[in-house]
Amino acid sequence: MTYDPTGHLLLTPVDREAPVRVRRLRQLGFGDRPDPAFDEFAHKLAKVTGAPYSMVNFIDENRQFFAGLHTPTGTHSGADLGATAAASGDVSRFMARDHGYCPHVVVRRKALVLEDVCDYPRFAGNPVVDEIGIRSYLGAPLIDRTGIALGTICVVDTEPRPWGRAGLETIKSLAAELIEQIHRREEGGF
C-alpha cells in the first residue's frame with residue numbers, strides 16, 4: 001500500500017509480480033480478447049453462486065480484462081456493467097486496475113469474501129461502490145502450475161450477500177477447477 005500526496009490511503013496494493021504475470025498470460029494467449037470457454041465458466045459461476053455478475057479476470061500492470069463475463073441479462077458484452085467503462089468512456093471488458101477487488105486477491109494470493117463492502121473502510125471507498133453500486137464481492141486467485149497468480153474468478157452483487165464459509169469454499173473450488181482447465185488447454189487438450 002502507498003499513500004498519495006494528500007495523505008489518503010491508496011486502495012490498490014502494489015503488484016510486483018505484474019511483469020512476470022503479463023509474460024505468462026501472453027505465453028498462454030490470455031488477457032486481451034474474450035474467450036467463449038471463459039464466458040461459459042463465468043456463466044457457471046453466476047449459476048452456482050446466484051450472483052448477477054461474474055468474471056474470469058486477468059490483470060496486468062494497468063488494467064483488468066474480463067476474458068469471461070456474465071451479466072444479469074446473460075450477455076457477455078459488459079454493456080450493463082458500468083464499472084467496465086474504459087478511460088475513453090466506451091463500455092468494454094476492461095477495467096482500471098484501481099477499480100474493484102481482484103487486484104487485492106491477486107497480490108494477497110488468497111480468496112476474499114466481502115459480504116458487504118461498506119463494512120470495511122479499506123474497501124468501501126473503492127470506485128466500483130459509488131460508480132455502479134457494488135455491495136458484495138467473492139473472489140479467488142487463479143494460481144497456475146508456475147506459481148504465478150494469473151488473475152481471479154469473482155462474483156459481485158449490488159446487494160449485500162451472506163457468502164459465508166460455503167461461498168468461500170465454493171469460489172476456491174471453482175478457481176481450482178478453472179486452473180485445471182487452463183492447464184489442459186496449455187497441454188492441448190482443452
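1. Helices (H or I, at least four residues) and strands (E, at least two) are DSSP runs, numbered from the N terminus. On that basis, Arg109 is found in the loop between helix 3 (102–108) and strand 4. Phi of Arg109 is near 65°, a positive value in a residue other than glycine.

2. Basis of the note. This is a predicted model, in which local features need pLDDT of at least 70 and side-chain atom pairs count only at pLDDT 80 or more, while totals for chains, interfaces and linings use all residues. Residues are numbered from 1 along each chain as its sequence is written, and side-chain values use heavy atoms, with hydrogens and water left out.

3. Exposure of Arg109. Buried means under 20% relative accessible area, exposed over 50%, and partly exposed in between (1.4 Å probe, protein chains only). Arg109 counts as partly exposed because its relative accessibility is 33%.

4. Strand 5 and its pairing. Two strands pair if DSSP finds at least two bridges between them. Strand 5 pairs with strand 4 in the antiparallel sense over three bridges, and Gly139 of strand 5 is the bridge partner of Leu112. Strand 5 also pairs with strand 6, again in the antiparallel sense, over eight bridges; here Gly151 of strand 6 is the bridge partner of Leu142. Strands 5 and 6 form a hairpin with five residues between them, and Gly147 in the turn has a positive phi of about 90°.

5. Why is strand 5 largely enclosed by the rest of the structure? Seven of its eight residues are buried, so the strand is largely enclosed.

6. Leu138. This residue lies in strand 5 and is buried, with a relative accessible area of 0%. Contact means heavy atoms within 4.5 Å. Leu138 and Cys154 are 16 residues apart in sequence and 5.5 Å apart in space, C-alpha to C-alpha.

7. Pro141. Strand 5 also holds Pro141, which is buried at a relative accessible area of 13%. With residues up to four places away in sequence left out, the contacts of Pro141 include Arg109, Gly151 and Ala175. From C-alpha to C-alpha, Pro141 and Lys172 are 8.0 Å apart, with a sequence separation of 31 residues.

8. Helix 6. This helix (residues 164–186) has 23 residues and reaches 33 Å from its first C-alpha to its last, close to the 33 Å expected at 1.5 Å a residue; the expected span is 1.5 Å times one less than the number of residues. Its buried residues include Gly167, Leu168, Ile171 and Ala175. The elements they pack against include helix 1 (18–28), helix 2 (36–49) and strand 5 (136–143). Just after helix 6, Gly188 takes a positive phi of about 90°.

9. Largest pocket. A pocket, on a 1 Å grid over the protein atoms alone, is an open set of points where a 1.4 Å probe fits, with protein on both sides within 12 Å along at least five of seven lines; lining residues have an atom within 4 Å of a point. About 180 Å³ of space lies in the largest pocket. Of the 13 residues that line the largest pocket, the closest to its centre are Val22, Phe30, Gly31, Asp32 and Asp60. Helix 1 gives the most to this lining, with three residues.

Terms used: Points joined across faces, edges and corners; volume = space filled by probe spheres on them.
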